[in-house]
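The following note is intended to be read alongside the sequence and the structure. Its points are numbered so that each may be checked in turn.

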Amino acid sequence: MPELPEVENLRLGLVRVIVGQKILGVTVTKPKLVSSKGTLRVASHGKKDEFLKGLKGEYFIGVERRAKNLIFVLSHGKIILAHLKMSGQFVYQASDNKKSVMGGHPIELSETKLPNKHSHIIFKLEHGTLYYNDTRMFGYLLYYKNAKLFENENHFKLLGLEPLSSKFSPKYFGSELKKKKGKIKAVLMDQKIVTGLGNIYADESLFEAHIRPDRSASSLSLSEVDRLYKAIIRIIRRAIKVGGSSVATYRLLDDTRGNYAREHKVYGKAGKKCVNCGKQLEKTTIAGRTTIFCPRCQK
Ligand SMILES: [Zn+2]
């Protein structure tokens with residue numbers, strides 16, 4: 001699943017290719033993807049019609065991000081809220097094939113021809129086509145005809161701060177962690193204090209901060225909070241800069257790939273030697289997720 005750096009890179013890529021373009025037409029083959037969010041979604045043909053009619057003829061004027069949500073801002077104050085969830089991906093292909101942007105869940109090589117059977121939402125633009133593909137269909141694109149309707153839904157009320165915002169400070173982080181009973185890794189991943197850390201960046205940040213992932217969040221000392229805070233910011237910044245972590249067939253603008261995977265020190269490296277001390281990295285499960293750590297470096 002893409003984490004914050006991957007979604008941010010997708011956003012940056014989309015800004016470069018779709019902003020300023022007019023939507024000539026939209027196709028939706030799976031109405032449930034535009035009906036509502038949540039797991040027990042029912043397809044609404046009314047919502048689908050609203051999506052198609054509301055977007056045709058509008059222009060993309062910006063793409064914003066909150067945690068792992070993408071917010072497409074359109075002319076006339078219209079908004080699309082998109083979340084890729086487990087298996088969503090956006091792919092933009094220019095009509096002249098010179099520019100393409102892909103991001104989100106890795107694309108299968110057999111499915112690089114577009115549209116494919118997973119292309120459930122297709123935006124025909126003036127100079128190219130934007131596809132939303134989703135194999136498992138947990139993702140969603142919700143349409144709002146104005147900002148007020150969007151804000152009324154309060155989609156982000158359970159989310160903590162953005163890790164790179166100025167509000168996210170060691171003081172805030174420390175006082176919020178003190179209130180938490182869970183394990184530090186689970187608390188990082190639940191998005192309620194700080195957003196954007198999934199399995200990869202939680203493991204990498206805890207390794208860099210020398211903190212065991214199974215420590216109780218409230219037990220961290222001031223200096224440990226400070227180390228973890230710095231590790232999160234450094235790692236998220238670095239991962240955004242080099243294009244995120246997605247591997248294999250995930251590609252960014254102009255066919256370059258996300259390179260942060262090369263810098264992973266623990267994620268995906270169970271049984272390998274710790275880069276700091278040489279001890280074998282261990283594997284455990286926290287909040288249902290495979291967790292890798294160094295039993296010597298992380299206390
Ligand atoms: Zn070590």
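1. What is the geometry of the site of the zinc ion, given the angles among its 4 donor atoms? In this predicted model, the angles among those donor atoms run from 103 to 115°, and the site is tetrahedral. The cut-off for this term requires all angles of four donors to lie between 85 and 135 degrees, so the site qualifies.

2. The protein donors are the SG atoms of Cys-274, Cys-277, Cys-294 and Cys-297, at 2.2 to 2.3 Å from the zinc ion. Along the chain, these donors follow the spacing C-x2-C-x16-C-x2-C. Cys-274 belongs to the loop between helix 7 (222-242) and strand 10 (282-286), while Cys-297 belongs to the segment after strand 11 (289-293), so this pair ties together parts that are 23 residues apart in sequence. Cys-274 and Cys-297 are both buried.

3. The UniProt record, an unreviewed entry, carries the annotation "binding site" for His-118, Arg-136 and Lys-180. These positions span 63 residues in sequence, and the farthest two C-alpha atoms are 40.1 Å apart, so they do not all gather at one spot.

4. His-118 sits in the loop between strand 6 (100-104) and strand 7 (119-125). Its relative accessibility is 14%, so His-118 counts as buried. Lys-180 is placed in the loop between helix 4 (170-178) and helix 5 (184-189). Apart from neighbours within four places in sequence, Lys-180 is in contact with Val-187, Asp-190, Lys-192, Ile-193, Ala-217 and Ser-218.

5. The structure contains 12 salt bridges. One of them joins the side chains of Glu-58 and Lys-78, with an N to O distance of 2.8 Å. This pair links distant parts of the chain, 20 residues apart: Glu-58 is in the loop between helix 2 (45-55) and strand 2 (60-66), and Lys-78 is in the loop between strand 3 (69-74) and strand 4 (79-83).

6. Other salt bridges have partners with other accessibilities. The side chains of Lys-179 and Glu-176 meet at 2.8 Å, N to O, and Lys-179 is exposed, with a relative accessible area of 59%. Arg-212 and Asp-214 form a salt bridge at 3.0 Å, N to O. Arg-212 is partly exposed at 25%, and Asp-214 is partly exposed at 31%.

7. In general, an α-helix has 3.6 residues a turn, so residues three or four places apart point the same way.

8. Just after helix 2, Gly-57 adopts a positive phi of about 90°.

Terms used:
Residues numbered from 1 in each chain as written. Predicted model: local features only at pLDDT ≥ 70, side-chain atom pairs only at ≥ 80, totals over all residues. Heavy atoms only, no water. UniProt positions renumbered as here; feature names shortened; annotations may be inferred. Helix = DSSP H or I, 4+ residues; strand = E, 2+ residues; numbered from the N terminus. Buried < 20%, exposed > 50% of the residue type's maximum accessible area, 1.4 Å probe, protein only. Contact = heavy atoms within 4.5 Å. Donors = N, O, S within 2.8 Å, 3.2 Å for Na, K, Ca; no water. Tetrahedral: all angles 85-135°; square planar, octahedral: opposite > 155°, others 65-115°. Salt bridge = Lys/Arg side-chain N within 4 Å of Asp/Glu carboxyl O.
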